Amino acid sequence: MDAREQHAGEKRVREHLIDPLTRLGLVKPSGMTVAQFKVMQDELCGKLAYMTDLNLQALAEQVRSMPSGKSKDRFPIAAKVLGWAAQIQAPADDASPLFRAVFGGALGKAAMAEDFAPELLAHLRSHRVWPREYDVRQIRERSVEVKRRITRMTEAEQRGGVLSDEDQRLRAARAQAAEKCRRIVAIVESGGAA
């Protein structure tokens, strides 16, 4: 997402989420200053700029039905709103700071060099937390199994065998995931500009 798209996305968030909820009367969370509330709203605009109009409207509806505070008149904290947003429309892999940090660090470099990046990407998509040592072992084991299966499929194909639709989808999906990993790495190496 370039700067122009980011700005347009932030404007959409303000138009479809922040402003309508404020007009409905949701006020700052208790214990938060007006300045902190403004910073939180600005952060939400920046972090949710990837969302479509429809999904922002759905998020606004969810926030409207789940306000915070004793009187149910408070804007929920950003962490809750971001969690709900991820359930409605998860950010693209290359837009996620977590994905960029993983693929820009030692783990991502090892995953690319040792060809377990597609399985690492799948793990990040489903868990959205930094993989622990145990997770990395599991990811590597899964990768070995998938690569072994693809090798067997390729050998069978070279002998004249016909791959099932499922096998073809597996091979294509892994190749597509590997390409997505390369794009994430390229974004990180270029300084984060999408």
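Predicted model: local features only at pLDDT ≥ 70, side-chain atom pairs only at ≥ 80, totals over all residues.
Biologist: What makes the link between the side chains of N55 and Q89 a polar contact?

Modeller: The two side chains come to 2.8 Å. Residues are numbered from 1 along each chain as its sequence is written, and side-chain values use heavy atoms, with hydrogens and water left out.

Biologist: Where does N55 sit, and which residues is N55 in contact with, leaving aside neighbours within four places in sequence?

Modeller: N55 belongs to helix α3, residues 53-65. A helix here is a DSSP run of H or I, at least four residues, numbered from the N terminus. Beyond those neighbours, N55 is in contact with I88 and Q89, contact meaning heavy atoms within 4.5 Å.

Biologist: How do the axes of α3 and α4 cross, and what is that angle called?

Modeller: They come within 10 Å and cross at roughly 135°. That makes the pair oblique: under 35 degrees is roughly parallel, over 145 roughly antiparallel, 65 to 115 roughly perpendicular, and the rest oblique. Axes are lines fitted to C-alpha atoms over the stretch in contact, with angles from 0 to 180 degrees between N-to-C directions. N55, A58, L59, Q62 and V63 of α3 meet V81, W84, A85, Q87 and I88 of α4.

Biologist: How many nonpolar, polar and charged residues are in that contact of α3 with α4?

Modeller: There are 7 nonpolar, 3 polar and no charged ones. Ala, Val, Leu, Ile, Met, Phe, Trp, Tyr, Cys and Pro count as nonpolar, Asp, Glu, Lys and Arg as charged, and the others, Gly among them, as polar.

Biologist: What makes α1 oblique to α2?

Modeller: The axes of α1 (residues 3-23) and α2 (residues 34-47) come within 7 Å and cross at roughly 130°, so they're oblique too.

Biologist: Which way do α1 and α2 cross, left-handed or right-handed?

Modeller: Right-handed. The contact of α1 with α2 has 4 nonpolar, 4 polar and 3 charged residues.

Biologist: And how does α8 pass α9?

Modeller: In a left-handed crossing. Their axes come within 11 Å and cross at roughly 125°, so α8 and α9 are oblique.

Biologist: Why is the pair of F37 and F75 called edge-to-face?

Modeller: A search of the whole structure finds 1 aromatic pair. The ring centres of F37 and F75 are 5.7 Å apart with planes at 70°, so the pair is edge-to-face: centres must lie within 6.5 Å, and planes under 30 degrees apart are stacked, over 60 edge-to-face, the rest tilted. F37 is in helix α2 and F75 in the loop between α3 and α4, 38 residues apart.

Definitions and conventions:
Helix = DSSP H or I, 4+ residues; strand = E, 2+ residues; numbered from the N terminus. Left-handed = near helix turned anticlockwise from the far one by under 90°. Polar contact = N/O pair within 3.5 Å; in protein donor to acceptor, adjacent residues only side chain to side chain. Phe/Tyr/Trp six-rings, centres within 6.5 Å; stacked < 30°, edge-to-face > 60°.
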